[in-house]
Amino acid sequence: MSTLAPSTLFRFATAGSVDDGKSTLVGRLLHDSKAILADQLEQVARTSRERGFAGADGIDFALLTDGLRAEREQGITIDVAYRYFATAERSFILADCPGHVQYTRNMVTGATTADAVVVLIDGRKGVLEQTRRHLAVTALLRVPHVIVAVNKIDLLGFAEDAFAPVERQVREVTDELGVADVHVLPVSALEGDNIVERSARTPWYTGPSLLELLEQLPAADAEERELEPFRLPVQIVLRPQGGVSPEIAATDPDAVERLRDYRASAGRIASGTVRAGDRVRVLPAGISTTVTAVEIAGVEVDEAAAPQSVAVRLADDVDAARGSVIVAEDAPPQLSREIDAQLFLLDERPLTQGARVLVKHGTKTVQAIVDEIVERRDLDSLAHVPADQLGANEIGRARIRLAEALPLEPYSVSRHSGSFLVIRPADGHTIAAGTVRD
């Protein structure tokens, strides 16, 4: 595990097969970490009583997360639900993803930006086909940390002998997929064992509780800030030319003249750190220059790092408009007009060879053609199967030819520079999420 200090913000996604208790686990996590408002808790408790729920605490914790009527009626999660909560150690953004096969693509959406994925398993059933799908998606998206929560340990008598075979199954699959950082822990979402606090009923388990683990793991932002070179996709050029609001002009009479020649390129830092005096290169122009100032919310700072939003001022009059990428001069990405891509299909309509599409990479969108569909991944067997098209929820490999060169990097090197979207030009729908293969 990385030795980097934990970030104050941590993003994680949850996934699990239908009826494994994922919604209950998320609800229990929010409840026991005191992240539920009193009126919301009372409403859920009242609904639980009306439905005759007889579980622990008299509360159906799944009702805290399954917000859609169809979700509550069927007892399944359909849409990705985002929840925000905090502890004394850290703030969290939780993406609660569907477990049903039909909604696998929604899991891709939730896991793309996650620092960790919590995959839930029913301890009585062990690793299922859908578990393998979720772990395969997690591996392909290179989520830094994987936590496998073996649920319903209470129904297994809190026995280590029942937990150990499931843990072995998990290790076999994750080893096969090449997942490096895997944590397996026994939990009871219904009873609360090892969710927020370590349970006395599993003395043989000496690891942290789920919440303790989430508080300790390093965030991807910290790793990107420390290990990856500087990348700033330009979203907008700030060029007031002396135009300021009346409020600023009233309090700062010199602002109009001071901002007359002001120019800065603004956006969200994708990776790395930038400081005044750094040598950078503007792509695709390829022109090198020097950073003269770094500003956050109009205030000049010594340095800024991913994922902060900044305005960068450059020494030379370089064309660094929207769609450009400002990068570290000594570690520029390669400009390429072809992508060897791993695609995660999100649209109901299939993607076929020869399709004309748009590729959105960072803040730039270019025209492209799908030259070849190479293969698709059979997520049941994890085998690669020849294919000439990809359908909804499928994952496959394709070659895409671009009308303009883009600063692409392998996804294994950078999750930001190595990811993109494939868009249907006719209606603007997102066809697929893509990653650049090594």
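1. For the classes used below, Ala, Val, Leu, Ile, Met, Phe, Trp, Tyr, Cys and Pro count as nonpolar, Asp, Glu, Lys and Arg as charged, and the others, Gly among them, as polar. By these classes, the lining of the largest cavity has 7 nonpolar, 1 polar and 1 charged residues. The model under discussion is predicted.

2. The structure holds 1 cavity of 30 Å³ or more, and the volume of the largest cavity is about 30 Å³. Its lining is made up of Leu283, Pro284, Gly323, Val325, Leu335, Lys364, Ala405, Leu406 and Pro407. Strand β23 (residues 395–408) gives the largest share of this lining, 3 residues.

3. The largest pocket has a volume of about 890 Å³. It is lined by 36 residues, of which Thr113, Gly362, Arg415, His416 and Ser419 are the closest to its centre. The lining comprises 13 nonpolar, 15 polar and 8 charged residues.

4. Which elements each supply at least two residues of the lining of the largest pocket? They are the helices α4 (104–111) and α8 (220–227), together with the strands β7 (231–233), β9 (264–268), β19 (356–361), β24 (419–423) and β25 (430–436).

5. The largest nonpolar core contains 37 residues, and those touching the most other members are Val117, Leu141, Val148 and Leu177. Two or more residues of this core come from each of β1 (9–16), α4, β4 (116–122), α5, β5 (145–151), α6 (160–177) and β6 (182–186). Apart from this core lies another, of 26 residues, which includes Leu25, Val187, Leu211 and Leu217.

6. Leaving aside residues up to four places away in sequence, Val117 touches Ala13, Met107, Ala111, Thr138, Val143, His145, Val146 and Ile147.

7. Is helix α5 mostly covered or mostly exposed? Of its 12 residues, 11 are buried, namely Gln130, Thr131, Arg132, Arg133, His134, Leu135, Ala136, Val137, Thr138, Ala139 and Leu140. The buried set therefore includes charged residues, Arg132 and Arg133.

8. Helix α5 (residues 129–140) reaches 16 Å from its first C-alpha to its last, close to the 16 Å expected at 1.5 Å a residue. After the helix comes Arg142, which has a positive phi, near 50°.

Conventions:
Residues numbered from 1 in each chain as written. Predicted model: local features only at pLDDT ≥ 70, side-chain atom pairs only at ≥ 80, totals over all residues. Heavy atoms only, no water. 1 Å grid on protein atoms, 1.4 Å probe; cavity = no way out; pocket = protein on both sides within 12 Å on 5 of 7 lines; lining within 4 Å. Points joined across faces, edges and corners; volume = space filled by probe spheres on them. Helix = DSSP H or I, 4+ residues; strand = E, 2+ residues; numbered from the N terminus. Expected span 1.5 Å × (residues − 1). Buried < 20%, exposed > 50% of the residue type's maximum accessible area, 1.4 Å probe, protein only. Core = buried A, V, L, I, M, F, W, Y, C linked by side-chain atoms within 4.5 Å. Contact = heavy atoms within 4.5 Å.
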